[in-house]
Amino acid sequence: MKAFATLLDRLVFTPSRNGKLTLLADYFRDTPDPDRGYGLAALAGALDLKSVKPAMLRELVLERMDPVLFQYSYDYVGDLAETISLVWDGTAKDTIDDDHQPRLGEVVVRMNSLGRTEVRSAVRDLLDRLDTSSRFAFLKLATGSLRIGVSARLAKQALSDMSGKDVTEIETLWHGLAPPYEPLFAWLEGRAEKPVLATPAIFHSVMLANPVEAGDLEKLDPLDYAAEWKWDGIRVQMSSYGGTKKLYSRSGDDITGAFPDIVEAINFEGVIDGELLVGGTFRSNSPTRTFSDLQQRLNRKTVTGRMLDEYPAFVRAYDVLFEGDMDIRARSFFERRDRLADVIEHAPHDRFDLSQLVPFTNWEELDSLRVAPPDPVIEGVMIKKKGSPYQAGRLKGPWFKWKRDPYNIDAVMLYAQRGHGKRSSYYSDFTFGVWAETPDGEELVPVGKAYFGFTDAELEVLDKFVRDNTIDRFGPVRAVRAEPGFGFVLEVAFEGINRSTRHKSGVAMRFPRIARLRQDKLPRDADRLSTLTAMLDVKTGQG
Amino acid sequence: MKPEALLHPTPAGLFCPIGRFHVDPVRPVERALITHGHSDHARAGHAKVLGTRQTLDIMRIRYGEGFAGSEQAAAFGEEIDIEGVRVSFHPAGHVLGSAQIVIEKDGLRIVVSGDYKRGTDPTCDPFVPVACDVFITEATFGLPVFHHPNPKEEIAKLLTSLKQFPERSHLIGAYALGKAQRVIRLIRDCGYSEPIFIHGALARLCEYYVGQGINLGDIRPATIEKSSPAAFRGAVVVGPPSAFQDRWARRFNEPLIAFASGWMMVRQRAKQGGVELPLVISDHCDWPELLSTIGEIGPSEVWVTHGREEALVRWCELKNIPARPLHLVGYEDEGD
């Protein structure tokens, strides 16, 4: 645990990518199996560890500590796992030297073998036997939130740096292997042959697109590229081989159980990449439905018959990675697309269709198609190089996404809350509102909350405004001055808008973020709720 | 006599009305008793100053010859009478020359500990507990979250990083008085014998420490004109933390910023300051040391000054020790 904890401590503070790679590669080289494999899994988000509820951790710490002193400590630190790691009265810690602390592999195996009633005493015992930084690492793992700025991709890059093997080769193997990855390390260190995947019906890392940025397209020849609509669903991968049929989310989560309608309809063998949507396919001639309809089906373990009827799901196919057990990822986009068209042609028409190409001759033409797409569930276009192979990860060049411009409104800051972690001393979570007609006259009604989009320098400005203009406090939340002639106007950008019964305003934004601080505006200049409801009407085609 | 009649807080700092003197006053006064040389405790411009020889020397280095109207040096343990009040100075273990000040009259004894620590520090005399009726303690790290690790383990992290990133200049932020010299001494004690480069702001104090018999090894100025980044590849550089945001830091090769401070205990706080390598090295007591010191001295009353007063007062209440916060202002904790 000590080596992993030390690594986390260094990674948290190391901003540079190269610095992180050095630290990771050193860790993988110097740490024995199986600990390094579990460490890799934790960093790549692939570690399955029995989770511990924060409430239980709080109870454990309060068994030994005055609640007032704990509260003072928590208020100061701002992060529960870190607070507990620091205040834990580990009277045993002095007697345990580094070499005899529990090892990461040991901790993982032990935690996962516990029965429900044993968790409490096992966690208490582990906290007693670990030192401060190992306690922190353990608590972060057990509460399931590392948040240290290391992506799975970076961890794999470090494996590549350490071994000289190509990162795409590691990526290709990745989802066929499981922690603690001993065969993978053996191969990386040249002690064994490359691991052989048992079946292609596993998840294969998906190919991702980069957003189009200013100047990107000018350098590219439109003739080299094809375009498709970017549908507003969720990206999925279907894997079918030897009777095993699986549906995976973009990140590799198995969501088969929630979509029996799709999985049962699979009549092909291979691996197909597409967009999960609800409604009707092109071939059934009924409309594709919105993301909020799709949300009814997401994040469920099982699904009722009524849900299946009311929100039928289908997959709009984008690409094919395996045909049967044949890996065709190295073939060109157009060649793969021909194969895909053939597979989809013979698949059930109500559950599968083929994403259409959008013909265009120059970027201006594509731009005008992008901003005025023919269907409200389209959120932009995808641009794919005709000759490109299917490469896992987000490579710059072969694929681009070009979204419709995000929505923008001017809203007024109403409440602010202190952030967590790095931002624990800043008011960084903002609730904002717009003007609406209420029985009491014109009032600002809250319409959303945003906690990113601003720079560090802008955060200083926002934080100062909150501290100087607090009019009320509700626990950690402060209400700030917001009057027609005085207040803070925020330009909020968001990706979409849905009706909501949960919010008083009746609307809910997707991915709201602070686009700009509008200190040049007064709250009376901010937008009205009717502006938002109009966006809603346009979107659902009612306006 | 009530303790408040012998010593009580005023806007200028702690004041003894009988002896007509202040302790560590934050504004110029007639007679000042100074615990140690950090600038928030030792200010220039008092008419008369009483402190240890080393504290007075440090004040002279920092403020120049005219730092006070007149000065008087107190040896550790020497009893001095001021208008019928007996005062004496005892080591506080904070920085070179740092002292606790004992104030006594009619059998009532108050100890003003100033800033103090209990851990080992080869650069100053160790803290000596003095039995008393009222113990005035600092609470800079007065929260249960603060547990200062063994400073040598922290230096080991630095030495590991030098091996992992041999091309990068390791810049260690450390306050000019006390921390900088202690860090350099610790690095030497951990077996590092390469030259250590120091920022100009540290030069005179380092020189003074060396003159007082504290061996800092090969220290060189990091301020050579026209020096190229290559000259500092993989070097250890010590400077005041403020200098690292300055153009001064640009002369170094891919600088890796370390900071030696007790505040580095809290990760996200360290991260906010842009520190890549936090070194938890403090010249103050951590929470367990504060508690054990109060337990060891066994005062009938505890007064808590600068820092997180409320948590320490709460702990005293739980232990049935009368305690109150003093709410003194003006102590910014330069030393950590």
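Before the first click, one term: a residue counts as buried if 20 or more other C-beta atoms lie within 10 Å of its own, exposed if 12 or fewer, and partly exposed in between, with C-beta atoms placed from the backbone. You're looking at a predicted model, where local features need pLDDT of at least 70, side-chain atom pairs count only at pLDDT 80 or more, and totals for chains, interfaces and linings use all residues. Residues are numbered from 1 along each chain as its sequence is written, while chains are lettered from A and ligands numbered from 1 in the order in which they are written.

**Stop 1**

Select A:Tyr181. This residue is not a glycine, yet it has a positive phi of about 60°. Is A:Tyr181 buried or exposed? It counts as buried, with 26 C-beta neighbours inside 10 Å. You'll find A:Tyr181 in the loop between H11 and H12 of chain A. (Helices are DSSP runs of H or I with at least four residues, strands are runs of E with at least two, and both are numbered from the N terminus.)

Stay in that loop, between helix H11 (167–174) and helix H12 (182–188) of chain A, and pick A:Pro180. The peptide bond joining A:Pro179 and A:Pro180 is cis, with omega about 5°. Now jump to A:Pro34, in the loop between helix H2 (17–30) and helix H3 (35–43) of chain A. Another cis bond runs from A:Asp33 to A:Pro34, with omega near -5°.

Hop over to chain B and click B:Asn320, which has a positive phi of about 60° although it is not a glycine. B:Asn320 counts as exposed, with 7 C-beta neighbours inside 10 Å. Why point these spots out? Most residues other than glycine have a negative phi, and most peptide bonds are trans.

**Stop 2: a helix in chain A**

Color helix H8 (residues 119–129) of chain A and look for its buried residues, A:Val123, A:Leu126, A:Leu127 and A:Arg129. They sit on the same side of H8(A) because they cover an arc of only 165° around the axis, going by the directions from the helix axis to the C-beta atoms. What do the buried residues of H8(A) pack against? Show helix H4 (54–62), helix H7 (104–112) and helix H9 (132–142) of chain A. Contact here takes C-beta atoms, placed from the backbone, within 7 Å.

**Stop 3: strands in chain B**

Select strand E5 (residues 46–51) and strand E6 (residues 68–73) of chain B: they pair in the parallel sense over 5 bridges. Pairing takes at least two DSSP bridges between the strands. To see one bridge, click B:His46 and its partner in E6(B), B:Ala68.

**Stop 4: the cores**

A nonpolar core is a set of buried Ala, Val, Leu, Ile, Met, Phe, Trp, Tyr and Cys residues joined through C-beta atoms within 7 Å. The largest one has 151 residues, and B:Val183, B:Val238 and B:Ala258 have the most contacts inside it. Helix H1 (residues 2–13) of chain A gives the most to this core, 7 residues. Apart from it lies another core of 48 residues, including A:Phe291 and A:Phe352.

**Last stop: where the chains meet**

Show both chains together. The contact takes 22 residues from chain A and 22 residues from chain B. On chain B's side, helix H6 (267–272), strand E17 (277–279) and helix H8 (309–318) each give two or more residues.

Note on methods: Two residues are in contact if their C-beta atoms, placed from the backbone, lie within 7 Å.
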